[in-house]
Amino acid sequence: MEYKVWLMEGLSSQRDIIQGIKNFAHENKKTITVFASHRDPRNEILSCADHSLTEPKDLSERLSFILDTVRKWRINALHAGKNSQWFEEHRLQIEAAGVTLTTGASGAEHLAIADDKAAFADYMTQHDLPAVPTVRISSLAELQAHISAPPFSGSLCVKPVTGIYGMGFWRFDNHASPMAVFNNPEKRVVHPEAYLAAAAGAESFTPLVLMPYLPGPEHSVDILATQGEVLAAIGRRKEGALQYLENSGEAFDLACACARVMKADGLVNVQTRHDHTGKPVLLETNMRPSGGIGYTRHCGVNLPGLFAFYQLGLMTKNEVMYSASTSFAPAVVRSITDVIPWPAQLTNQLDKGERCL
Ligand SMILES: Nc1ncnc2c1ncn2[C@@H]1O[C@H](COP(=O)(O)OP(=O)(O)O)[C@@H](O)[C@H]1O
Ligand SMILES: [Mg+2]
């Protein structure tokens, strides 16, 4: 029997997920046909799949594109790498076409919580899980007031309420040179007066969360869950340039507890950081595969492969759990910048540029 999984547009790790599934199927002597699609010509991703498609840029065409594709190619499992809210809103229509849909969540409610870093911290606290102490800042005046009378001891930091890739994260330092932000932007340190002056000059105020700066270390835990039940997870402890792969520990357990409370469904990522007492607290969760999910293959646990096998009915819950716990071997990885050839032509394209389903 042939099994078909379709990975729709995701982060750059969509490529690692495709390769993870193909490798796992090959090792386990199963045939899984992988379809991949993206709105943009991401040929370095699309070329790794068995078949590729171009997603419509126009949102009004997305649903019919999905339904037509699922029916035409008899797709069994569909994975949404982005736009999960939209997919949750259309879950019933999509699944009625005969496919299982994975959005990372079991419903729109938890996606909305994960997307708002202040709401997320509140929700975790309500469920007795430690999260970074967080104050929502909705105006420049509020920011000014809190900088003058800090709600936390130690140094403060901010990040946008909604965000990705660490963009907009800044740590305040009263001793920072006004030029620090230009000369060493990667340190993410800014004098609070310089930040306030810049914010005052902006057209509008981007809502922020204000937090105490946590010393770390930071953990990023990639989790495979089904309806809030954790089946497999791999943590990455980040120490400088190195990442230590692990499958136990306090941060790991906290991340798994968070995934349960968030009713995670599919491949998700939870991030923690140690506070000044050495205890991990939750920073955020992303209800989608992380950019670094591919790194976890180096510890012997192929999370994308396990995801596909579970979703396609090739493995039971117990088999996934057993496989993840018995294949794990600790490993240390380092991310490097690399280049790969970008195929100018795709040879696996089903729609050849125009959608003719
Ligand atoms: N309170 C904090 N203390 C120290 N570092 C933090 C804190 N909050 C965020 N960071 C740093 O900023 C990065 C980005 O924050 P995060 O909450 O993961 O948002 P996103 O990844 O969505 O931009 C984190 O990986 C971490 O290194
Ligand atoms: Mg993050």
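Here is a short tour of this predicted model, stop by stop, to follow in your viewer.

**Stop 1: the domains.** Start by colouring the chain by its domain assignment, which gives domain 1 (3-103), domain 2 (110-114 + 215-334) and domain 3 (133-212). Notice that domain 2 is written as two stretches, 110-114 and 215-334. Now look at domain 2 and domain 3 together: their C-alpha centres lie 29 Å apart.

**Stop 2: the ligand.** Select ligand 1 next. Why does ligand 1 lie between domain 2 and domain 3? Because both of these domains give residues to the shell around ligand 1.

**Stop 3: the shell.** Show the residues around ligand 1; there are 19 of them. Which ones come nearest? They are Lys117, Lys159, Gly166, Glu218 and Gln271.

**Stop 4: polar contacts.** Zoom in on the atoms of ligand 1. One of its oxygen atoms is 2.8 Å from an N or O atom in the side chain of Lys117. Over at Gly166, look at the backbone instead: a polar atom there is 2.6 Å from an oxygen atom of ligand 1. Leu214 also takes part through a polar backbone atom, this time 2.9 Å from a nitrogen atom of the ligand. Taken on its own, ligand 1 has 540 Å² of accessible area, and the protein covers 88% of that.

**Stop 5: a cis bond.** Go to Gly216 and Pro217, which are joined by a cis peptide bond with omega at about 10°. Pro217 is in the loop between β10 and β11 (218-226).

Stop 6: Finish at Lys29, in the loop between α1 (14-27) and β2 (32-38).

Methods: Residues are numbered from 1 along each chain as its sequence is written. Chains are lettered from A and ligands numbered from 1 in the order in which they are written. This is a predicted model: local features need pLDDT of at least 70, side-chain atom pairs count only at pLDDT 80 or more; totals for chains, interfaces and linings use all residues. Side-chain values use heavy atoms; hydrogens and water are left out. A residue is near a molecule or strand if one of its heavy atoms lies within 4 Å of it. A polar contact is a pair of N or O atoms within 3.5 Å; within protein, one must be able to donate a hydrogen and the other to accept it, and residues adjacent in sequence count only if both atoms are side-chain atoms. Accessible areas come from the Shrake-Rupley method with a 1.4 Å probe; for residues, only the protein chains shown count as cover. Domain bounds come from an automatic or database domain assignment. Helices (H or I, at least four residues) and strands (E, at least two) are DSSP runs, numbered from the N terminus.
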